[in-house]
Amino acid sequence: MTKIFIIGATGYIGGPLLAALKRKYPDFSYTALVRSESYIEAINAAGATVIQGSFADVEIISQQSEQADVVVNVGDCDDVELTLAILKGLRAKQTKGLGVGTLLHTSGTGIFMDENSVKFDSNAKIWTDSEEDMKLLTPSMLHGPADVAIFKAGGEGYVNNFTVCPSVVYGTGDGPITRTPPTIRAFTNLMLKLKHGFVVGDGSNRVGWINIKDLITAFLLVLERALEAKSVALTSSPYSRFFIASSKLQETPVEELGFYGRISASSLLERPERLKGLGWTPKEPEFEETAASDVDAILAELE
């Protein structure tokens with residue numbers, strides 16, 4: 001029986017992903033790391049055995065990673081210690097002759113952020129998930145420390161690394177715990193605090209968006225490909241298993257203020273070539289169609 005260890009199952013992306021995995025692979029064994037006791041019942045009901053702990057419990061994470069066939073990290077793409085704990089467990093698995101485990105990691109297109117200008121530059125680089133572009137990623141970039149460490153581990157052959165790299169995610173998921181889109185929530189809270197909306201420069205900066213349901217479909221496609229390895233080390237380049245997930249680019253008039261403001265005031269230019277090569281096509285409603293309901297849900301949380 002295939003064993004899946006999922007980190008971040010209580011989150012906005014992780015919850016719907018767990019639900020989708022359970023629907024597609026009902027006979028797999030699922031274990032989930034959960035910090036809060038208040039979420040244990042919901043995750044158990046979703047079909048996963050709960051291991052209580054936080055991202056800081058690196059020994060627990062390493063142990064569970066060693067025992068798993070696939071580790072799915074949708075918890076924190078910037079927690080390097082968390083990533084290293086997963087890799088430690090997967091290295092131990094391979095060293096003990098238990099096969100090569102798979103890591104399905106979640107990054108984000110913030111790694112491609114151009115902070116040089118708040119005005120769109122038509123000559124700026126458009127990043128793709130080509131091997132050539134992936135080799136340009138460095139630890140100094142946002143999300144870079146974890147992503148580069150994973151590439152290195154894949155190159156050493158003790159883990160089959162796969163990364164899904166979504167742009168800004170929106171929409172309503174169907175996870176066991178109701179969550180609103182974190183980025184949209186941050187923007188909403190910022191505008192409530194300032195009591196107005198705003199634009200940076202001429203508002204021409206661009207960023208990609210992806211509906212949560214399209215993103216989950218992308219995860220399933222990548223995992224389907226990952227499962228083909230069957231605990232054998234892949235011979236393909238570790239840089240060839242990075243998948244950008246973004247539906248389209250559009251203008252985003254958001255002021256440069258704080259972390260999310262810095263991202264949205266910059267351009268994030270990317271093109272998801274590999275996923276489309278797997279037959280993936282975004283089909284869900286676009287951001288403009290769901291923005292009002294997303295904001296209404298966020299406001300309801302604040303009441």
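Ring pairs join Tyr25, Phe28 and Tyr30 into a cluster. Rings of Phe, Tyr and Trp (for Trp, its six-membered ring) are taken to pair if their centres lie within 6.5 Å; planes under 30 degrees apart count as stacked, over 60 as edge-to-face, and the rest as tilted. Before I continue, a word on the basis of these values. This is a predicted model, in which local features need pLDDT of at least 70 and side-chain atom pairs count only at pLDDT 80 or more, while totals for chains, interfaces and linings use all residues. Residues are numbered from 1 along each chain as its sequence is written, and side-chain values use heavy atoms, with hydrogens and water left out.

Phe112 belongs to the loop between S5 and strand S6 (127-128), and Trp127 to strand S6 itself; the pair links distant parts of the chain, 15 residues apart. Helices (H or I, at least four residues) and strands (E, at least two) are DSSP runs, numbered from the N terminus. Phe112 and Trp127 are both buried. Here, buried means under 20% relative accessible area, exposed means over 50%, and partly exposed lies in between, with a 1.4 Å probe and protein chains only.

A further pair is formed by Phe151 and Tyr239; it is tilted, with 4.6 Å from centre to centre and 35° between the planes. Because Phe151 lies in helix H6 and Tyr239 in the loop between H8 and S10, this pair ties together parts that are 88 residues apart in sequence. Phe151 is buried, at a relative accessible area of 4%, whereas Tyr239 is partly exposed, at 25%.

I turn now to the sheet. What is the order of the strands in the open sheet of 7 strands? The order is S3-S2-S1-S4-S5-S7-S10, and the pairing is parallel. At the edges are strand S3 (49-52) and strand S10 (242-245), each of which pairs on one side only. Neighbouring strands of this sheet are turned against each other by 20° on average, direction ignored. Two strands are said to pair if DSSP finds at least two bridges between them. Strand S5 (residues 101-106) and strand S7 (residues 159-166) pair in the parallel sense over 6 bridges. Within S7, Asn160 is the bridge partner of Thr102.

Two helices that pack on the sheet deserve mention. Helix H1 (residues 14-24) touches strand S1 (3-7), strand S2 (29-34) and strand S4 (70-73), and its direction makes about 165° with that of S2. Helix H4 (residues 80-95) touches S1, S4, S5 and S7, and its direction makes about 165° with that of S5. Contact means heavy atoms within 4.5 Å. The axes are lines fitted to C-alpha atoms, for helices over the stretch in contact, and angles run from 0 to 180 degrees between N-to-C directions.

Next, the loops. His143, in the loop between helix H5 (131-134) and helix H6 (144-156), has a phi near 70°, a positive value in a residue other than glycine. His143 is buried, with a relative accessible area of 9%. Ser231, in the loop between helix H8 (212-227) and S10, also takes a positive phi, near 65°, and is likewise a residue other than glycine. Ser231 counts as partly exposed, at 32% relative accessibility. Ser240 is found in the loop between H8 and S10 and counts as buried at 14%. Which residues is Ser240 in contact with, leaving aside its neighbours within four places in sequence? They are Glu131 and Arg274.

On the cysteines, the structure holds 0 disulfides, a disulfide being a pair of cysteine sulfur atoms within 2.5 Å. For Cys77, the nearest cysteine sulfur is that of Cys165, 8.5 Å away, which is too far for a bond. Cys77 is buried at a relative accessible area of 15%, and Cys165 counts as buried at 0%.

Finally, helix H11 (residues 287-302). The expected span of a helix is 1.5 Å times one less than its number of residues. The 16 residues of H11 should therefore span 22 Å, and the end C-alpha atoms are 22 Å apart, which agrees. The buried residues of H11 are Phe287, Thr290, Ala291, Asp294 and Ile298.
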